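Here is my note on the model, as numbered points. Please read it with the coordinates open.

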Amino acid sequence: MSISIADSSFLIDWARFSKRGLLFDVFQAIFVPETVMAELKTELVLSWIIDALSLQKMMLFPDIPELRAAALNLVVESRRYSYLKSLDYPEAYCIVAARANGYTVLSENGGAYLAQFFTVKDVKVWRAFEVLVELLRLGKIVKDFLKYQEETNHKFPKRDLEKVLGGNKDYKRKHD
Amino acid sequence: MSAFTLFKMLAPKTFIVVKTIIFVDLLEAKQRLEEAKEQRKKSADWSFIESLPPKLKAALKYYIEEGDLYVASRIAGVTMDEMNELRIKAKIPSVN
């Protein structure tokens with residue numbers, strides 16, 4: 001199992017999922033940048049993260065000046081690719097921290113997800129979708145893609161769902 | 001056969017293949033962003049959004065256009081977590 005670093009967009013969505021504990025079946029540890037903690041206020045999200053911090057399944061990632069500078073550079077660099085959604089500082093910080101330490105980034109930011117195919121090809125960025133695919137592969141879940149979408153008001157792109165669940169008739173009937 | 005002749009035979013084909021792959025990736029990236037925006041627009045509760053104070057309304061409209069929770073939360077003057085609650089109240093799906 002590998003280590004990941006998560007931004008706010010991922011954590012606030014994933015925390016609403018009733019099977020959120022399964023995240024720790026995929027990653028042995030999840031770093032939460034200190035700046036991300038400042039973005040979390042609701043009881044549901046905070047209690048989940050605080051529990052995970054006390055169980056040492058999550059750890060705080062410090063604010064490191066060198067990484068801060070590298071993240072800002074990455075934000076500026078991403079503005080050069082007008083055809084893509086540019087990166088914002090929080091996910092850029094996760095990306096540079098992941099690049100320096102070999103972590104996987106967990107983010108629901110569209111710019112961060114697409115960046116891995118174009119501008120930061122040496123970093124892996126996973127959305128909840130990829131985590132669910134991994135859980136499916138591990139046999140930990142069966143039909144929880146719909147459940148996740150309902151519980152978090154999150155919509156996975158149809159093209160991604162069809163790639164993974166295309167052959168599942170029950171899924172197709174519910175989704176059409 | 002000389003190396004140059006081999007290069008002349010293979011280079012155009014290689015170039016076309018590489019160009020096609022990059023083009024398809026970029027096209028898909030653009031399509032993904034457009035499809036996500038459409039889905040957010042279509043699902044949003046516009047009467048709820050219009051009833052909100054200017055800052056929150058502007059933040060949600062920005063979110064619908066860009067899908068960017070961080071900047072939207074800065075516009076609204078709330079944390080990302082609170083912005084996400086507002087997004088859910090406005091029935092705007094997070095599409096990614």
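1. A:Asn153 is partly exposed, with 18 other C-beta atoms within 10 Å. The scale counts other C-beta atoms within 10 Å of the residue's own, placed from the backbone: buried means 20 or more, exposed 12 or fewer, partly exposed in between. A:Asn153 sits in the loop between α9 (144-152) and β6 of chain A. Its phi is positive, near 50°, and the residue is not a glycine. Most residues other than glycine have a negative phi.

2. On provenance: this is a predicted model, where local features need pLDDT of at least 70, side-chain atom pairs count only at pLDDT 80 or more, and totals for chains, interfaces and linings use all residues. Residues are numbered from 1 along each chain as its sequence is written, while chains are lettered from A and ligands numbered from 1 in the order in which they are written.

3. A:Gln56 also deserves a look. Its phi is positive, about 60°, and it is not a glycine. A:Gln56 lies in the loop between α4 (43-54) and β3 (58-61) of chain A. It is exposed, with 8 other C-beta atoms within 10 Å.

4. Next, the interface. Chain A puts 24 residues in contact with 25 residues of chain B; contact means C-beta atoms, placed from the backbone, within 7 Å. On the chain A side, α1 (8-14), α7 (110-118) and β6 (154-155) each supply at least two residues. That side has 10 nonpolar, six polar and eight charged residues. The classes are: Ala, Val, Leu, Ile, Met, Phe, Trp, Tyr, Cys and Pro nonpolar; Asp, Glu, Lys and Arg charged; the others, Gly among them, polar.

5. β6(A) and β1 of chain B (residues 94-95) run parallel and are joined by two bridges. Strands pair if DSSP finds at least two bridges between them. A:Lys155 has B:Val95 as its bridge partner in β1(B).

6. Chain B has five helices and one strand. Helices (H or I, at least four residues) and strands (E, at least two) are DSSP runs, numbered from the N terminus. The order is α-α-α-α-α-β. Of its 96 residues, 29% count as buried.

7. Within chain B, the axes of α4 (residues 69-76) and α5 (residues 80-89) come within 9 Å and cross at roughly 95°. Axes are lines fitted to C-alpha atoms, for helices over the stretch in contact, with angles from 0 to 180 degrees between N-to-C directions. α4(B) and α5(B) are therefore roughly perpendicular, a label for 65 to 115 degrees. Their contact has seven nonpolar, two polar and no charged residues.

Definitions and conventions: Parallel < 35°, antiparallel > 145°, perpendicular 65-115°, else oblique. Contact = placed C-beta atoms within 7 Å.
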